[in-house]
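Here are a few exercises to work through with the model open on your screen. Try each task before you read the solution.

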Amino acid sequence: MTPLTLHPDRLFPADPETRDIARRLYNGVKGLPIVSPHGHTDPAWFAANAPFANPSELLIVPDHYVFRMLYSQGVPLEALGIPTIDGSETAQDPRKIWHLFAAHYHLFRGTPSRLWLDWVFAEVFGLKARLSPETADLYYDTIDAALATDAFRPRALFERFGIEVIATTESPLDPLDHHRVIRDSGWSGRVVTAYRPDPVMDPEHPGFLDNLRRFGEVTGEDISTFAGYLRAHENRRAYFREAGATSTDHGHPSAFTADLPRAEIEALYAKVLSGLASPAEAELFRGHMLTEMARMSIEDGMVMQIHPGVHRSHNPGVMARFGRDKGADIPVPTGYVEALKPLLDRFGNERDLTIILFTLDETSYSRELAPLAGHYPALRLGPPWWFHDSPEGMRRFREQATETAGFYNTVGFNDDTRAFLSIPARHDVARRMDCGFLARLVAEHRLGEDEAHELARALAYDLVKAAYKL
Ligand SMILES: [Zn+2]
């Protein structure tokens with residue numbers, strides 16, 4: 001068996017002098033609480049506080065980072081127990097699924113998934129040998145036994161991980177019952193929601209017209225007019241704020257915005273409501289609604305997050321058999337300068353508005369995003385997202401954005417994950433990479449070490465709390 005070791009200097013610069021500085025910086029921030037302002041954990045976990053089912057149900061079946069890699073190497077999703085839309089049979093035996101995963105664990109060499117998983121195995125479950133076909137049963141039995149104990153229930157792990165606050169993401173149609181249960185339970189863990197209106201704002205969202213009808217029902221507003229539709233958003237945003245929400249989240253295909261005259265948007269809304277909007281009209285509607293969301297954010301104080309630039313469900317065969325979020329989402333080139341101009345013309349100078357921009361198109365960092373965030377008071381840059389939530393992605397982000405946007409137009413780290421157990425590992429990677437980047441600036445005499453200590457803390461904790469008003 002090969003030992004599983006997490007080297008204390010992992011991810012730090014290899015040059016000894018710079019590494020010493022990185023160590024000192026990291027020592028000042030490694031123990032700070034975790035603030036997780038954007039992610040996709042299931043609030044039902046913290047409401048019910050029931051034990052997680054088994055190692056495969058916890059670490060493989062819900063994690064598209066994991067199964068997409070195995071799928072790319074020819075492992076059928078059915079063999080990994082991924083549920084099918086029509087309910088047809090997939091692998092049921094969690095131990096068999098785990099063995100299949102262990103046999104392919106080498107595929108994750110050099111990926112952030114490997115870093116996160118090794119951390120979970122070593123730190124959360126105390127495993128001391130590397131995962132391989134030979135250790136698969138040891139892993140399965142150790143993790144399965146741990147999950148049956150109270151110390152591994154969701155609330156206990158939340159506390160053990162040092163999570164100060166975590167945000168989940170819900171559709172406006174969600175009744176937020178789990179958040180109510182958490183609040184009423186007397187438990188001290190802080191779990192807040194975020195307003196994700198895509199299902200009622202994107203005419204191309206599956207089930208959109210039915211969603212709109214239900215949106216009218218849950219808000220008690222008449223959504224047959226545009227004025228009523230806006231009131232429904234205002235009403236539902238207030239409902240979300242009562243459940244702790246401080247932010248909205250918008251996952252549009254592009255960063256396109258629009259600011260249409262009232263008569264035009266009313267006519268467009270009528271078309272959208274008829275179900276006859278063309279793809280171009282759907283884009284125009286989404287774009288106008290981003291500007292409306294910014295207006296509402298100025299009124300109610302919610303921070304806006306824009307996550308554009310993904311071609312969702314690129315593989316029609318996988319979409320038809322398994323549905324959305326199955327690892328077939330592929331980034332597309334994304335422009336911000338022209339796309340955001342209508343929104344920025346109207347609200348870009350607002351000091352009380354915060355719009356956090358994300359990208360999967362790294363070519364936009366130094367050309368577009370850093371110059372925009374380095375000018376407009378309303379704009380901030382979100383951390384490297386999704387495919388770029390990785391050591392190299394973090395390094396590229398700091399290298400390309402810092403000289404124009406500075407550190408203080410960024411908002412710290414967010415894990416954006418549904419893989420609950422990996423959250424501390426992800427924040428730890430971000431802290432290590434930021435400390436390594438700062439250490440280089442100190443070693444090159446571009447920054448005092450006292451300033452680097454202040455920045456390390458800001459990037460790990462202060463900036464995220466301030467930006468998300470948490
Ligand atoms: Zn997200």
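Let's call a residue buried under 20% relative accessible area, exposed over 50%, and partly exposed in between (1.4 Å probe, protein chains only). You're looking at a predicted model, where local features need pLDDT of at least 70, side-chain atom pairs count only at pLDDT 80 or more, and totals for chains, interfaces and linings use all residues. Residues are numbered from 1 along each chain as its sequence is written, and side-chain values use heavy atoms, with hydrogens and water left out.

**Exercise 1.** Find the order of the strands in the open sheet, and say which of them stand at the edges.

*Solution.* Two strands pair if DSSP finds at least two bridges between them. On that basis, three strands line up as β1-β2-β3, with parallel pairing. β1 (34-36) and β3 (191-192) each have a single partner strand, so one side of each has no neighbour in the sheet. Now zoom in on β2 (residues 163-167), which pairs with β3 over two bridges; Ala-167 has Val-192 in β3 as its bridge partner.

**Exercise 2.** Which residues coordinate the zinc ion, and where in the chain do His-38 and Asp-416 sit?

*Solution.* Donors are N, O and S atoms within 2.8 Å of the metal (3.2 Å for Na, K and Ca); water is not among the atoms, so sites may look incomplete. Here, His-38 (NE2), His-40 (NE2) and Asp-416 (OD) coordinate the zinc ion at 2.1 Å. Their spacing along the chain reads H-x1-H-x375-D. His-38 is in the loop between β1 and α2 (43-48), while Asp-416 is in the loop between α18 (391-405) and α19, 378 residues apart. As for burial, His-38 counts as buried because its relative accessibility is 2%, and Asp-416 does too, at 16%.

Technical notes: Helix = DSSP H or I, 4+ residues; strand = E, 2+ residues; numbered from the N terminus.
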